[in-house]
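Me: I'd like to go through this model with you, a few quick questions at a time. Here it is.

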Amino acid sequence: MRAQFVLSEIGVGLRRNLTMTFAVIVSVALSLALFGGALLMREQVSTMKDYWYDKVNVSIFLCNKADAASAAKCAKGAVTAQQKEQIEADLKEMPIVETVLHETADEAFKHYKEQYGDTAIASVVTPDQMQESFRVKLKDPEKYKVVATAFAGRDGVESVQDQRNILQNLFDLMNGMNIAALGVMGLMLVIALMLIVNTVRVSAFSRRRETGIMRLVGASSFYIQMPFIMEAAFAGLLGGAVACVLLLVGRYFLIDHGIALAEKMQLVNFIGWDAVLAKLPLVIAIGLLMPAIAAFIALRKYLKV
């Protein structure tokens with residue numbers, strides 16, 4: 001009987017404040033969708049870092065004849081065979097180095113032609129202008145500075161470059177977008193909480209006579225508050241469910257179909273469905289608990305019976 005009464009009161013409250021309830025559902029759905037999206041964006045950045053950092057190399061570019069005439073670092077002339085052998089031997093002795101690949105000037109010229117053969121500048125570039133290099137794969141890409149410190153400034157070395165820097169701007173951009181999404185999510189969350197508090201207050205005021213009678217017949221405070229808390233929790237649960245749908249639809253249209261980023265950006269390792277599904281229980285739990293706790297706090301202050 002008590003459960004039936006509580007459920008009936010929930011239905012009455014939702015019907016009386018249908019517009020505000022709808023606003024709560026929309027606000028909770030958008031804030032939780034942004035929250036879930038921010039979590040997925042952070043995981044995407046982490047996945048891309050793991051994928052790309054495992055593939056990027058440290059490049060040690062060697063001086064050639066053209067560099068000897070123009071670059072201050074190559075003032076002692078082009079790299080000699082002995083210097084190349086010593087650099088390669090020192091690299092292979094370093095415990096952080098996994099593999100070392102030597103690329104000759106001819107090989108560099110061939111790769112350059114494959115990538116930029118259709119451009120105007122490619123027609124005036126000659127093999128002797130290309131630099132020999134060592135492509136070094138590290139066991140831990142974060143230890144790039146160890147290699148840079150050991151070989152930068154050495155005779156025959158023009159520069160030491162970490163390919164991670166090419167990707168870092170992209171990661172910084174994605175992290176910035178993630179922070180912006182969290183900021184908007186926080187604003188939407190505040191709006192949702194304010195709507196929940198106001199909805200509970202209006203609902204409690206409209207039923208002040210019923211709650212007064214319940215108090216006179218000996219009903220406990222928790223029993224009186226339960227319908228209002230359940231109303232907020234139900235609205236939050238619907239908002240959480242809508243947020244889950246938005247996350248699933250977003251993953252489907254952005255990556256698999258519609259925009260189909262997976263087809264257009266095949267070099268990017270996108271997060272899978274398992275990552276999205278793993279976030280849904282958290283979104284549902286927050287959608288259920290957040291309004292219920294907000295309603296409980298609001299009732300302690302505003303429900304007068």
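Me: What do the buried residues of H4 pack against?
Reply: In this predicted model, the buried residues of H4 pack against strand S1 (58–62), strand S2 (97–103), strand S3 (133–138), helix H6 (144–151) and strand S4 (157–162). Helices (H or I, at least four residues) and strands (E, at least two) are DSSP runs, numbered from the N terminus, and buried means under 20% relative accessible area, exposed over 50% and partly exposed in between, with a 1.4 Å probe and protein chains only.

Me: Which residues of H4 are buried, and where do they sit?
Reply: Ile87, Asp90 and Leu91 are the buried ones in H4. Seen down the axis of H4, they fall within an arc of 100 degrees (taken from the directions from the helix axis to the C-beta atoms), so they line one face of the helix. The face turned away from that buried side carries the exposed residues Gln82, Glu85, Lys92 and Glu93.

Me: How far apart are the end C-alpha atoms of H4?
Reply: They are 19 Å apart, which agrees with the 18 Å that its 13 residues should span at 1.5 Å a residue, where the expected span is 1.5 Å times one less than the number of residues.

Me: And H6, which residues are buried there?
Reply: Tyr144, Val147, Ala148 and Phe151 are the buried residues of H6, and, viewed down the axis of H6, they lie within an arc of 100 degrees, so they too line one face of the helix. Lys145 and Thr149 are exposed on the other side of H6, and the helix is followed by Gly153, which has a positive phi near 90 degrees.

Me: Switching topic: where is confidence lowest and where is it highest?
Reply: In terms of pLDDT, the predictor's confidence in each residue from 0 to 100, the lowest is helix H1 (residues 2–16) with a mean of 59, and the highest is helix H4 (residues 81–93) at 87. The chain averages 77, and 73% of the residues score at least 70.

Me: What cut-offs and conventions apply here?
Reply: Because the model is predicted, local features need pLDDT of at least 70 and side-chain atom pairs count only at pLDDT 80 or more, while totals for chains, interfaces and linings use all residues. Residues are numbered from 1 along each chain as its sequence is written, and side-chain values use heavy atoms, with hydrogens and water left out.

Me: What does Leu247 touch?
Reply: Setting aside neighbours within four places in sequence, Leu247 is in contact (heavy atoms within 4.5 Å) with Ala33, Gly36, Gly37, Leu40, Val276, Leu280 and Val283.

Me: Last one: is Arg251 buried or exposed?
Reply: Arg251, which lies in helix H9, is buried, with a relative accessible area of 9%. Not counting residues up to four places away in sequence, Arg251 touches Asp256, Ile271, Gly272, Trp273 and Val276.
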